[in-house]
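I opened this one up today and went through it piece by piece. Here are my notes, in the order I took them.

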Amino acid sequence: MRTNEKKSLSLQYIYDTVIKEDPKLVWVRDRIQAADWPIHIAPEEGRLLQLLIRLGGIKKIVEVGTHAGYSTMWMAMALPTEGHVFTIERDKNRISMARETFLHFEEHTSKITLLEGKALDILGSLEKEGPFDMVFIDADKLNYINYLNWAEKNVRSGGLIIGDNTFLSGAVYGKPSTERISPSALEAVNAFNKRLGNPSMYCGVMLPTKEGWTMGVKL
Ligand SMILES: C[S@@+](CC[C@H](N)C(=O)[O-])C[C@H]1O[C@@H](n2cnc3c(N)ncnc32)[C@H](O)[C@@H]1O
């Protein structure tokens with residue numbers, strides 16, 4: 001979701017009635033809006049993450065792509081006290097923003113470990129913390145299939161793997177885009193979606209959110 005987008009009446013209704021965002025999360029969004037790349041999950045996606053965490057008794061999460069920690073906080077807030085989210089970010093400015101975010105949620109800060117660097121360099125050393133209950137992928141599209149390969153090995157059976165932005169600005173279904181989408185990114189995201197749609201490996205679903213959201217429970 002890009003923060004400046006106008007809300008539809010139906011979304012506004014949802015925000016007014018069912019998803020009342022914590023004021024501190026609104027503060028995080030406002031800071032992202034003022035940043036160089038104003039992008040983060042939508043509040044309804046944050047709530048969906050929380051619902052899945054509670055439903056699945058999820059305790060140990062890996063997130064690829066922290067930005068300022070907006071999605072991280074939605075997840076951390078739904079985790080029990082012994083739960084943990086390991087979140088990975090490579091951009092220095094966003095790492096500083098995320099650190100500031102986490103300090104403002106004192107009661108949840110201890111549930112979060114921010115790992116700095118390129119995800120593919122970090123994931124290997126994270127394996128010792130596994131197996132994980134959930135992996136949330138929201139970073140460079142070129143590596144979506146690599147992240148899925150890693151998640152597949154390090155998520156327990158019955159665990160959940162989620163990828164955001166899996167329409168790749170519509171490229172996966174042939175929509176012309178003003179953004180330049182590399183053929184390798186398109187191939188990676190298509191392979192990601194198809195793998196999660198393989199019924200012998202996952203109970204998968206793709207939700208038609210604005211950006212596309214693909215997830216599957218590992219069988
Ligand atoms: C869409 S934003 C994440 C938004 C965040 N999940 C949220 O909803 O609040 C993607 C982030 O992934 C980071 N990123 C992209 N490629 C990465 C990589 N290879 N390793 C680590 N971080 C990466 C970017 O710097 C960016 O901050």
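I started with helix H3 (residues 43–55) and H4, which pack at an angle of about 30° with their axes 9 Å apart. For the labels, helices (H or I, at least four residues) and strands (E, at least two) are DSSP runs, numbered from the N terminus. Axes are lines fitted to C-alpha atoms, for helices over the stretch in contact, and angles run from 0 to 180 degrees between N-to-C directions. So H3 comes out roughly parallel to H4; under 35 degrees counts as roughly parallel, over 145 as roughly antiparallel, 65 to 115 as roughly perpendicular and the rest as oblique.

Before going on, I noted that this is a predicted model: local features need pLDDT of at least 70, side-chain atom pairs count only at pLDDT 80 or more, and totals for chains, interfaces and linings use all residues. Residue numbers start from 1 along each chain as its sequence is written.

Next I looked up who touches whom, with contact taken as C-beta atoms, placed from the backbone, within 7 Å. From H3, Gly 46, Leu 49, Gln 50, Ile 53 and Arg 54 meet Ser 71, Trp 74, Met 75, Met 77 and Ala 78 in H4. I sorted the residues of this contact into 6 nonpolar, 3 polar and 1 charged. In that scheme Ala, Val, Leu, Ile, Met, Phe, Trp, Tyr, Cys and Pro are nonpolar, Asp, Glu, Lys and Arg charged, and the others, Gly among them, polar.

How do the axes of helix H2 (residues 23–33) and helix H4 (residues 70–78) cross? I found them coming within 10 Å and crossing at roughly 165°, which means H2 is roughly antiparallel to H4. Leu 25, Val 28, Arg 29 and Ile 32 in H2 meet Tyr 70, Met 73 and Trp 74 in H4. By class, I get 6 nonpolar, no polar and 1 charged residues there.

Then I checked the ligand, which has 18 residues around it, the closest being His 40, Gly 65, Tyr 70, Ser 71 and Asp 140. Near here means a C-beta atom, placed from the backbone, within 6 Å. H4 turns up again: H4 and strand E2 (84–89) each supply at least two residues of the shell. The shell divides into 6 nonpolar, 5 polar and 7 charged.

On to the sheet. I traced 7 strands in an open sheet with mixed pairing, in the order E3-E2-E1-E4-E5-E7-E6; two strands pair if DSSP finds at least two bridges between them. Strand E3 (112–116) and E6 are the edges, each pairing on one side only. The twist from one strand to the next averages 15°.

Strand E1 (residues 60–64) and strand E4 (residues 132–137) run parallel, joined by 4 bridges. There I saw Val 62 partnered with Val 135 in E4. Strand E6 (residues 202–207) and strand E7 (residues 213–218) are antiparallel, with 6 bridges, and Tyr 202 stands opposite Lys 218 in E7. Their hairpin has 5 residues between the strands, and Gly 212 takes a positive phi near 90° in it.

Last, I looked at helix H9 (residues 183–196), which lies across strand E5 (155–164), E6 and E7, running at about 40° to E7. The axes of helix H8 (residues 144–154) and H9 come within 7 Å and cross at roughly 35°.

Note on methods. Contact = placed C-beta atoms within 7 Å.
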